[in-house]
Amino acid sequence: MPDNAAARDRRAPAFAATALGAVLLALAPSSTGIAVAAAARPATVNAISRADKAEGAKAHPELLAEFGGGVTGPQASYVEQVGKTIAIQSGLSNAKGDFTVTLLNSPVNNAFAIPGGYIYVTRQLTALMNNEAELAGVLGHEVGHVAARHSAKRQEAASRNQILGVLGSLLSGVLLGDSAFGRLGQQLASQGSQMLTLKYSRGQELEADRLGITYLKRAGYDPRAMATVLDSLARQNALEAQLRGTSNQVPQWASTHPDPASRVRDALAQAGSGATGTTNRDAFLTRIDGLVYGDDPKQGIIEGSRFTHPDLRLAFQAPDGFYLVNGTQAVSINGDSGKAQFAGGPLGTGLDAYIQTVFSSLTESGQARIAPSSIERTTVNGLSAAYGVARVQASSGPVDVAVFAYDFGGGKAYHFLTITRVGGAGVFNPMFKSLRRISAADAGQVRPRRLAVVTVKAGDTVQSLAARMAYTDAAVERFLVLNGLESGARLVPGQKVKLVTY
């Protein structure tokens with residue numbers, strides 16, 4: 001969450017971005033350093049129109065802001081090269097210069113593309129991959145959505161949705177149903193910016209998978225990479241759910257996306273049993289070595305249930321049983337007994353007015369105004385604070401919405417926005433009381449995790465290398481998923497593998 005974070009939302013552009021979240025990704029091809037015969041390149045049948053370019057150029061800076069900005073340097077240049085090589089296989093354009101490929105500084109697994117030649121992948125998703133063909137597959141899948149004009153076919157749905165970044169749509173079905181307050185639930189809870197609100201149909205996702213495989217073949221990549229990256233995404237999603245203690249929950253996307261196992265099987269069948277091609281594994285690993293993994297300290301760091309922002313000099317602790325998801329605009333706090341969001345903005349004329357503004361932002365035109373019955377003053381760890389609670393009637397019954405705000409001085413304020421069943425707001429009291437300033441010394445101790453590509457030596461094992469990971473929990477499981485290895489895998493001297501270290 002950056003310094004200027006505030007609870008807000010953005011209306012989607014006239015087109016829709018395609019999103020891959022967690023394991024729902026449908027991927028496709030790309031490559032660098034691979035010669036592509038002119039005859040193998042498709043004719044330009046769905047050329048990028050001037051209108052598409054204009055819309056894409058308008059949305060591009062908004063998407064950058066929503067997803068943490070673009071990474072710069074050699075890693076980003078490499079991803080750009082791969083993306084442009086795969087994009088020209090789509091028939092949208094034979095000119096690499098017509099495409100803009102961005103490596104996003106985001107700690108969530110995501111990739112998407114929008115008409116106009118704009119293609120995006122997060123550093124977190126890139127770090128999960130194990131060869132260049134997989135990167136090409138992810139980017140090609142996204143280009144496939146655009147080439148098949150899936151966003152145009154879902155234009156009506158796109159116009160009704162919002163690009164919410166860190167604010168997803170996890171809670172509305174849990175507490176709010178489909179009532180007019182569904183938007184409130186969307187604002188309060190999410191799984192992070194890996195989910196955009198627009199989803200593609202099962203058929204469209206499978207079509208994009210297959211287009212991606214076609215592009216991989218045209219570019220000379222091993223088309224089986226689509227299946228392996230889908231498998232890695234499924235395993236990563238399962239591991240994250242296990243670590244959060246939510247492994248028994250049905251993913252939100254399950255009703256509209258084919259299950260991961262069937263996607264993997266379909267991709268393998270589409271690739272063909274005798275498939276061959278380039279993967280560029282070692283070159284890929286060398287090029288992504290040193291990539292920031294997980295949270296960037298500039299956006300705050302999550303360690304278990306604790307959030308620390310060294311630049312803003314603040315920290316807080318989520319209650320037991322809740323997990324945190326960091327985003328560029330806010331931090332979401334999720335649990336079975338409630339949902340919350342931490343954000344900030346200008347203090348304005350004082351805490352009372354600030355709290356009223358946050359409540360007002362939850363009310364859409366034509367809806368009854370949401371306002372607290374009263375605003376109470378208090379002090380938390382030396383900070384002036386205030387809070388208010390409003391009772392809102394949802395389709396599943398009444399819920400309590402609370403705003404707890406803090407004056408940080410210098411015209412800045414931060415707040416928690418929470419939603420619970422009636423009488424349940426107290427579950428967040430420990431979190432409200434935990435927000436505090438941190439010292440310069442504490443801020444200086446916050447370090448980013450980074451990918452470290454190492455060469456296996458004689459005597460190295462999965463266990464010995466996993467012990468070098470910058471985690472105190474599930475180190476072996478994290479190592480296996482990160483490297484696309486199965487349980488019981490044996491390492492070979494000379495083999496390159498990824499670690500996450502400080």
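Strand 9 (residues 314–317) and strand 17 are paired antiparallel through two bridges; two strands count as paired if DSSP finds at least two bridges between them. Helices (H or I, at least four residues) and strands (E, at least two) are DSSP runs, numbered from the N terminus. This is a predicted model in which local features need pLDDT of at least 70 and side-chain atom pairs count only at pLDDT 80 or more, while totals for chains, interfaces and linings use all residues. Residues are numbered from 1 along each chain as its sequence is written, and side-chain values use heavy atoms, with hydrogens and water left out.

- The open sheet has four strands in the order 7-8-9-17, with antiparallel pairing.
- Strand 7 (301–303) and strand 17 (436–437) are the edges, each with a single partner strand, so one side of each lacks a neighbour in the sheet.

- Opposite Arg 437 in strand 17 stands Leu 314.
- Strand 7 is joined antiparallel to strand 8 (residues 306–309) by three bridges, and Ile 301 has Thr 308 of strand 8 as its bridge partner.
- Four bridges link strand 8 and strand 9 in the antiparallel sense, with Arg 306 opposite Gln 317 in strand 9.

**Gln 495**
- Gln 495 lies in the loop between helix 17 (475–482) and strand 19 (496–501).
- The relative accessible area of Gln 495 is 19%, and therefore Gln 495 is buried (under 20% relative accessible area; exposed is over 50%, partly exposed in between; 1.4 Å probe, protein chains only).
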